Protein chains: 2
Amino acid sequence: MTKATAGEPPPEDPRKNQRAEPRPGTAAWWLARESEPARQRRRRSLTLDAVLDAAMTLLDTRGAAALTMRNIADALGCTQASLYRHVRNREELVTLLIDRAIAVASAVPPDGADWAEKAAWSARLFREHLLRHPGVASLLRGTERLGPNSLAGMQYSLDLFIGAGLNPRLASAAASSLATFVLGSVHLNLGLDMSDPEESRHRRLLFRSRDAAAFPLLVQHADTLAEVSSDDEFEVGLNALLTGFRALIQNSDITRD
Amino acid sequence: MTKATAGEPPPEDPRKNQRAEPRPGTAAWWLARESEPARQRRRRSLTLDAVLDAAMTLLDTRGAAALTMRNIADALGCTQASLYRHVRNREELVTLLIDRAIAVASAVPPDGADWAEKAAWSARLFREHLLRHPGVASLLRGTERLGPNSLAGMQYSLDLFIGAGLNPRLASAAASSLATFVLGSVHLNLGLDMSDPEESRHRRLLFRSRDAAAFPLLVQHADTLAEVSSDDEFEVGLNALLTGFRALIQNSDITRD
DNA sequence: ACCTGAACACCGTTCAAGT
DNA sequence: ACCTGAACACCGTTCAAGT
């Protein structure tokens, strides 16, 4: 009864994963899924797509906490047990769901922009998509990095950064860094309500009331700090990253082998 | 029975949060906690610290999925109900726990380094701390950004970036961006086992077997891509960010008001 | 071959009752 | 004033039994 969850040290089987079912999200798992033709061959009343569709609307309308097997089954008018015919776990369901929910990353930026403008455009689009679907953001764990939609995004950004002058290794790292930053930005603001005007006021109060000896800068700049929004943070970080990539490209121009 | 979770659209009370208890992690909540002297005054057999200690060792040894009220109570030799005397929710417990688990951020980098080296040192330290405590990483949600330990980190990095020449607003955004990037980097690799040598092999197989028409770069550079590690990604992104901050500092030198 | 009903071992949270 | 026992309404997952 191992409930494997991200962040959990694996139960450490005595014999190291000797032919154990691969965990959802690993390369082995994504590979194994493709060579399972039997699963989808038969015509059936309930399909995996229908399950994922129901899960997606549930996630969007009622949030991550409402994404239960029972609720999904209810939405589909079947029993919970039926779901396990299309999915081995809840974890597997979430992995498939999130890969699918990430599809927006394949949207193509306006033509005529240079690589940096395109990268910024895509990063902003991805962020806005996640902000509109906070349930999706809260479930992102990296397990979807090898899913078809993520791979499409990777192909796109590799093209972008290699075209800009980076070698494949650096292009891959740059693309991942950008995605990492977008996800971190959304994730670090999930529990907060900066949209709530009260939050900004309370934040100011909090900074102001700190011990001035221990937190001089927080006290001194309380008003300014309370007003720095998640959008501000994102734009500053995004520009810094792209500036850094630009420098990296110029460097590898010089040290080109 | 609202189970408010990050990523969940708030249940939308008809009257907008009219004197409702603030959600854990909001500025109002952190503020309210301080002006609650009665809670900790009395000598009691079970203290909040003891609860959080037990929760922490549970999280580290058995992972996030094992962090249940029952298990915490068992570890302390009390009943679950007793825990609710020190904590209103599981959510509140997690918020307090994560703030405390983040204390490493207050470690001070070696003297004599310039601001960029110090920032890099702290970022790496924070990342390594999170990698050693994946359970903590998986629970980070931004609700701890206003906790005492995060504020200490903020005071420190504000000092660093203001000292380097940024105004308070930009310094705050830069500091947050860096933290965002570290967290995103750890979080996006939570579900994966890059330590597993098999994973790299499977990843190569996965890239190689893509449709060459749709994913030409993935197929072409499969071997290289399969070997880019999370460490590589992190270092590339970290350097890019710091390079970007350096440029930002030079710019604000010029346009100083 | 597919789906169901009913159960199992868990959750977080509450509250009257004990001391 | 503090803690407990026992319950409540939920979870994910399994499996014999139905069709």
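In the predicted model, the axes of α10(A) and helix α10 (residues 168-187) of chain B come within 7 Å and cross at roughly 105°. Angles of 65 to 115 degrees count as roughly perpendicular, and α10(A) and α10(B) are therefore assigned to that class. On the chain A side, the contact is made by A:Ser177, A:Thr180, A:Phe181, A:Leu183, A:Gly184, A:Ser185 and A:His187. The residues contributed by α10(B) are B:Ser177, B:Thr180, B:Phe181, B:Leu183, B:Gly184, B:Ser185 and B:His187. By class, the residues of this contact between α10(A) and α10(B) comprise 10 polar and 4 nonpolar, with no charged residues.

For the interface of chain B and chain A as a whole, 87 residues from chain A and 87 residues from chain B take part in the contact. The area buried between the two chains amounts to about 7,100 Å², and carbon and sulfur atoms account for 68% of that area. A total of 6 salt bridges is found across the interface of chain B and chain A. The side chains of B:Glu34 and A:Arg210 form a salt bridge, with an N to O distance of 2.5 Å.

Within chain A, α10(A) also packs against helix α9 (residues 148-164). The axes of α9(A) and α10(A) come within 9 Å, and the crossing angle is roughly 120°. This angle makes α9(A) oblique to α10(A). The crossing of α9(A) with α10(A) is right-handed. From α9(A), the residues in contact are A:Met154, A:Ser157, A:Leu158, A:Phe161 and A:Ile162; these meet A:Pro168, A:Ala171, A:Ser172, A:Ala174, A:Ala175 and A:Leu178 of α10(A). The residues of the contact between α9(A) and α10(A) are divided into 9 nonpolar and 2 polar, and no charged residue is included.

A further helix pair in chain A is formed by helix α3 (residues 48-62) and helix α4 (residues 69-76), which pack at an angle of about 115° with their axes 9 Å apart. The helices α3(A) and α4(A) are therefore roughly perpendicular to each other. A right-handed crossing describes the passage of α3(A) over α4(A). In this contact, A:Ala50, A:Val51, A:Ala54, A:Ala55, A:Leu58 and A:Arg62 of α3(A) meet A:Asn71, A:Ile72, A:Ala75 and A:Leu76 of α4(A). The contact of α3(A) with α4(A) has 8 nonpolar residues, together with 1 polar and 1 charged.

Technical notes: Residues numbered from 1 in each chain as written. Chains lettered and ligands numbered in written order. Predicted model: local features only at pLDDT ≥ 70, side-chain atom pairs only at ≥ 80, totals over all residues. Heavy atoms only, no water. Axes fitted to C-alpha atoms, helices over the stretch in contact; angles between N-to-C directions. Helix = DSSP H or I, 4+ residues; strand = E, 2+ residues; numbered from the N terminus. Parallel < 35°, antiparallel > 145°, perpendicular 65-115°, else oblique. Left-handed = near helix turned anticlockwise from the far one by under 90°. Contact = heavy atoms within 4.5 Å. Nonpolar A, V, L, I, M, F, W, Y, C, P; charged D, E, K, R; others polar. Buried area = accessible area lost by both parts, 1.4 Å probe. Salt bridge = Lys/Arg side-chain N within 4 Å of Asp/Glu carboxyl O.
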